[in-house]
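Colleague: I am new to reading models like this one. Could you take me through it, one feature at a time?

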Amino acid sequence: MFAAIIGILSALYSGYAQSTAANKNAKIEERKGRRAKENAKINAMRIRRDTRRRIGAAKAAIGANGIAFEGSAMDILEAGELQGERDAQTVLRLGEQAADDAAINAEVDRQRARNAETGALLQSASVLLSK
């Protein structure tokens, strides 16, 4: 009987430890997802700011050289603005994808936690029934 109690306690403790570790991993993944989104927003803002600076400097140079803001000059500036916005959107999209991946990993870890708990209960029942 003593061996059965030790077996049951061992199974329950093992399941608890595995479940706790998996739940901690899930929380870490959730934080990773939030950080990925935050970093993407910061980087997108930086890209947009740098694009505005480059376009502003280009406009100043065009004006200083007496070139009219029309035709090719405007096309070049607009292309630069569009490319900067595309870069910012790409960074945001990659941040969202990283956050989605982290959310999936967190859910997998939560499922591992539930599986560990269930496994521990089943193993405890098995030990109990075998004695």
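Modeller: Start with the salt bridge: a side-chain nitrogen of Lys or Arg within 4 Å of a carboxyl oxygen of Asp or Glu. This is a predicted model, so local features need pLDDT of at least 70, side-chain atom pairs count only at pLDDT 80 or more, and totals for chains, interfaces and linings use all residues. Residues are numbered from 1 along each chain as its sequence is written, and side-chain values use heavy atoms, with hydrogens and water left out.

Colleague: How many salt bridges does the structure hold?

Modeller: Seven. In one of them, Glu85 pairs with Arg48, and the closest N and O atoms are 2.8 Å apart. Glu85 lies in helix H2 (residues 71-130) and Arg48 in helix H1, so this pair ties together parts that are 37 residues apart in sequence. Helices are DSSP runs (H or I, at least four residues), numbered from the N terminus.

Colleague: What separates Arg112 and Asp109 in helix H2?

Modeller: About one helical turn, because they are three residues apart. Their side chains meet in a salt bridge of 2.9 Å, N to O.

Colleague: Which residues are linked in a network of salt bridges?

Modeller: Glu30, Glu107, Arg110 and Arg114. Within it, Arg114 bridges to Glu107, with the closest N and O atoms 3.1 Å apart.

Colleague: Is Asp109 buried or exposed?

Modeller: First the scale: buried means under 20% relative accessible area, exposed over 50%, and partly exposed in between (1.4 Å probe, protein chains only). Asp109 has 8%, so it is buried. Glu85, at 31%, counts as partly exposed. Arg48 is partly exposed too, at 25%.

Colleague: What is Ser19 in contact with?

Modeller: Contact means heavy atoms within 4.5 Å. Leaving aside neighbours within four places in sequence, Ser19 touches Ala113, Ala116 and Glu117. Ser19 sits in helix H1. At 4% relative accessibility, Ser19 is buried.

Colleague: Which residues form the nonpolar patch on the surface?

Modeller: Patches take residues with over 30% relative accessible area and no salt bridge; nonpolar side chains (Val, Leu, Ile, Met, Phe, Trp, Tyr) are joined within 5 Å, like charges within 9 Å. Here the nonpolar patch is Met1, Ile5, Leu9, Leu12 and Leu121, with about 530 Å² of accessible area together. Areas come from the Shrake-Rupley method with a 1.4 Å probe; for residues, only the protein chains shown count as cover. H1 gives the largest share, three residues.

Notes
Helix = DSSP H or I, 4+ residues; strand = E, 2+ residues; numbered from the N terminus.
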